[in-house]
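This briefing covers a few residues and their surroundings. Please look at the sequence and structure below before reading on.

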Amino acid sequence: VQNSTLRVYNRWGELIYNTSGLKPTWDGTYRNQMCNKGVYHYVVTTTNFDGNNKQYQGTVSLVR
């Protein structure tokens, strides 16, 4: 993998996090405030050295 992007959405489909890099992470915050416990949808897009993209998506449960 040459690069990847991570997008996280809340239950209403609002994009609350977007980053790129080889090891993208999300700390459970939005606009410098802790997000509520619950289920969030994520989309990870990877780019290989040959330029091909792959997309992975699913949900993550945020617990505190």
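Buried means under 20% relative accessible area, exposed means over 50%, and partly exposed lies in between, with a 1.4 Å probe and protein chains only. This is a predicted model, in which local features need pLDDT of at least 70 and side-chain atom pairs count only at pLDDT 80 or more, while totals for chains, interfaces and linings use all residues. Residues are numbered from 1 along each chain as its sequence is written, and side-chain values use heavy atoms, with hydrogens and water left out.

**Ser-4**
- Ser-4 has a relative accessible area of 4% and is therefore buried.
- Strand S1, residues 3-9, includes Ser-4; strands are DSSP runs (E, at least two residues), numbered from the N terminus.
- From the side chain of Ser-4 to the backbone oxygen of Gly-21 the distance is 2.5 Å.
- Beyond four places in sequence, the contacts (heavy atoms within 4.5 Å) of Ser-4 include Thr-19, Ser-20, Gly-21 and Thr-45.

**Leu-15**
- Leu-15 belongs to strand S2, residues 15-21.
- Its relative accessible area is 37%, so Leu-15 is partly exposed.
- Not counting residues up to four places away, Leu-15 touches Arg-7, Val-8, Tyr-9 and Tyr-30.
- His-41 is 26 residues from Leu-15 in sequence, and their C-alpha atoms are 9.5 Å apart.

**Nonpolar core**
- A nonpolar core is a set of buried Ala, Val, Leu, Ile, Met, Phe, Trp, Tyr and Cys residues joined through side-chain atoms within 4.5 Å.
- Seven residues form the largest one: Leu-6, Val-8, Ile-16, Trp-26, Cys-35, Tyr-40 and Leu-62.
- Ile-16 has contacts beyond four places in sequence that include Val-8, Trp-26, Cys-35 and Tyr-40.

Key. Helix = DSSP H or I, 4+ residues; strand = E, 2+ residues; numbered from the N terminus. Polar contact = N/O pair within 3.5 Å; in protein donor to acceptor, adjacent residues only side chain to side chain.
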